[in-house]
Amino acid sequence: MSTPIKEAAKALVKVLESFPRETLTDLSFKETQLDRFRPLAGMTNPIREQKTSIKDIVAKVNPYQIKELEIKAVESSLTDEAIAQQTKALKNLMSNKYRDYYYVTDKLYRPQGNPIYYERLLADIHGESKENLFTGLKTVILGK
Amino acid sequence: MLRVKTLVPSLCRGVNTAATKTAHHVPTLSQINSSATLPNLQSPSQLAQSSHLETLLPTNEFTQIKPKTKRPLLSNSKYEDSTYQLPQYVQTIGEVVIATLRLDMDRIRAGPIAGSHYYAECKTQSLQFADEELSPSAKFFYEELSLPRTFTQWFQITALHTWILSVRMRAMPFKYGRNYQQKIIDRFFRDMELRLHDEMNVNSSRISDQYLKDYNSQLRGIVCSYDEGFATDDAVLATALWRNLFNAREEVDFVKLEAAVKYVRGQLYILSMMSDREFALGKFRFVPPQEIVERFTEEQIAKMKAVAKEEYEPKDGKKILPSQKSKLSYEN
């Protein structure tokens with residue numbers, strides 16, 4: 001493998017490693033993309049145990065399963081220039097440029113109809129506070 | 001059949017909690033880099049096209065949308081026809097009824113505005129058929145972002161747009177905002193059921209019910225993960241878009257992901273600039289992805305407020321029909 005690509009991929013892997021890890025699901029953008037670019041950067045992927053869940057088994061025998069189209073990137077277009085552009089895109093995302101440029105103010109962050117909506121959601125996702133039966137019931141009945 | 005990409009909050013509580021040490025909160029003005037500039041003065045569409053990475057999009061006969069009969073945009077009802085005009089005498093009776101019963105028009109308006117007008121707006125963004133040319137906005141999604149031309153992808157794009165609108169609806173007074181959200185989602189699922197039957201030739205109601213249940217659980221995940229991304233940062237929003245809009249595909253192009261984040265943030269910015277009254281009366285249109293959204297200057301904001309005031313402020317001698325009355329603010 002030529003060196004410029006390797007160097008570009010190394011820089012990309014470095015940026016990817018500082019990407020936040022998903023909190024909502026096991027499906028991780030960071031892990032998937034690291035697995036994709038590590039071989040290009042001349043690194044080896046860690047060996048992970050393959051977990052098969054009951055969902056996968058059910059999906060295999062489901063006759064109504066919609067086959068997902070496999071969308072691939074053209075390998076020859078993955079040049080060092082393209083990889084550098086990918087790295088730049090990731091850096092733009094990490095620096096929150098769009099959030100800050102398009103700052104929506106508290107009008108949307110503390111919505112009038114439900115001012116603590118996002119705080120409650122984030123606290124719950126990050127396990128900082130848990131809803132109990134009473135607050136849960138209240139949300140279901142009153143809607144907020 | 002369909003993989004659920006995200007879990008509902010009640011199911012995913014406690015996942016990876018140990019890894020998060022910092023307190024997470026909605027960004028405040030002081031944390032925002034207010035001198036932030038756009039990384040490049042490009043529209044989302046130009047940004048997506050600027051990528052050097054090529055993506056191969058296979059086509060699959062089986063997943064193409066080739067209906068024998070096409071459904072109308074909303075319904076066959078004459079009331080939802082864009083050319084239909086209510087007869088004058090019916091209008092007069094209606095106005096009298098509204099005035100005498102003192103009906104709450106903000107509540108009643110939720111059906112026609114959110115359920116029909118705004119839903120149509122969301123639906124047309126990515127509507128496509130195999131034998132037809134793509135509309136400019138659909139071109140952005142299917143060609144420039146390299147998404148497959150399938151029904152599930154249409155659902156994902158439409159769900160993204162309904163979510164964008166529901167963020168703004170949340171900022172309306174609770175009673176009205178919730179009603180608007182309910183109407184748009186009800187319409188979304190009703191329309192999907194009809195589309196599955198008429199356009200995708202799913203003739204068994206057992207199968208279509210199963211699909212709809214799957215879409216429903218996907219929608220919960222979509223709303224939860226996009227909300228998280230919206231309230232935290234661009235990287236989290238990007239991963240949420242990758243999991244849902246990009247179907248968690250491995251060989252994704254990050255430039256296209258960035259273009260999608262730019263598109264979403266731009267729409268939300270425009271929505272945040274609209275007053276409740278303007279939004280509730282259906283004045284919002286999605287900004288086409290081929291256009292650049294720039295931050296408004298102080299003068300522009302003042303001008304917009306003046307125009308809204310001129311239009312909605314009650315004045316002596318200015319007659320407002322009972323059906324056009326609204327209690328929502330036109331100044332926020």
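**Figure 1. Strand pairing between the two chains of the predicted model.** In this predicted model, A:K72 stands opposite B:L56, a residue of strand β1 of chain B.

**Figure 2. The interface of chain B and chain A.** The contact involves 98 residues of chain B and 69 residues of chain A. Together the two chains bury about 8,100 Å², of which 63% is on carbon and sulfur atoms. Across this interface, 31 residue pairs are in polar contact, with both residues at pLDDT 80 or more. On the side of chain B that touches chain A, the elements giving two or more residues are α1 (9-12), β1 (55-56), α6 (151-170), α7 (174-198), α8 (205-231), α9 (234-244) and α10 (254-272) of chain B. The residues of that side divide into 45 nonpolar, 30 polar and 23 charged.

**Figure 3. The salt bridge between the chains.** Side chains of opposite charge can pair when their charged atoms come close. Between chain B and chain A the count is 1 salt bridge. A:E22 and B:R243 meet through their side chains in a salt bridge, with an N to O distance of 3.4 Å.

**Figure 4. Surroundings of A:Q33.** Residue A:Q33 belongs to helix α2 of chain A, residues 29-37. With a relative accessible area of 0%, A:Q33 is buried. Its side chain is joined to that of A:R36 by a polar contact of 3.0 Å. Not counting residues up to four places away in sequence, A:Q33 touches A:L16 within chain A, and B:W242, B:R249, B:E250, B:V252 and B:F254 of chain B.

**Figure 5. Packing around B:A159.** Helix α6 of chain B contains B:A159, which is buried at a relative accessible area of 1%. When neighbours within four places in sequence are left aside, B:A159 is in contact with B:F188, B:L219 and B:I222. The C-alpha atoms of B:A159 and B:V223 are separated by 8.5 Å, although these residues are 64 apart along the chain.

**Figure 6. Salt bridges within the chains.** Over all chains, the whole structure holds 19 salt bridges. In chain A, the salt bridge of A:D100 with A:R99 has its closest N and O atoms 3.2 Å apart, and both residues are buried. In chain B, B:D198 forms a salt bridge with B:R71, the closest N and O atoms being 3.1 Å apart. B:D198 lies in helix α7 and B:R71 in the loop between β1 and α3 (88-101) of chain B, so this pair ties together parts that are 127 residues apart in sequence. B:D198 is partly exposed at 24% relative accessible area, whereas B:R71 counts as buried at 15%. The side chains of B:R168 and B:D276 meet in a salt bridge at 2.7 Å, N to O. This pair ties together parts that are 108 residues apart in sequence, because B:R168 lies in helix α6 and B:D276 in helix α11 (residues 276-280) of chain B. Both B:R168 and B:D276 are buried. A network of salt bridges links B:D104, B:K175 and B:K327.

**Figure 7. Two loop residues with positive phi.** B:N201, which is not a glycine, has a positive phi of about 55°. B:N201 is placed in the loop between α7 and α8 of chain B and is partly exposed, with a relative accessible area of 38%. B:A248, also not a glycine, has a positive phi of about 55°. B:A248 is placed in the loop between α9 and α10 of chain B and counts as buried at 15% relative accessibility.

Definitions and conventions
Residues are numbered from 1 along each chain as its sequence is written. Chains are lettered from A and ligands numbered from 1 in the order in which they are written. This is a predicted model: local features need pLDDT of at least 70, side-chain atom pairs count only at pLDDT 80 or more; totals for chains, interfaces and linings use all residues. Side-chain values use heavy atoms; hydrogens and water are left out. Contact means heavy atoms within 4.5 Å. Buried area is the accessible area (1.4 Å probe) that two parts lose on being put together, summed over both. A salt bridge is a side-chain nitrogen of Lys or Arg within 4 Å of a carboxyl oxygen of Asp or Glu. A polar contact is a pair of N or O atoms within 3.5 Å; within protein, one must be able to donate a hydrogen and the other to accept it, and residues adjacent in sequence count only if both atoms are side-chain atoms. Helices (H or I, at least four residues) and strands (E, at least two) are DSSP runs, numbered from the N terminus. Ala, Val, Leu, Ile, Met, Phe, Trp, Tyr, Cys and Pro count as nonpolar, Asp, Glu, Lys and Arg as charged, and the others, Gly among them, as polar. Two strands pair if DSSP finds at least two bridges between them. Buried means under 20% relative accessible area, exposed over 50%, partly exposed in between (1.4 Å probe, protein chains only).
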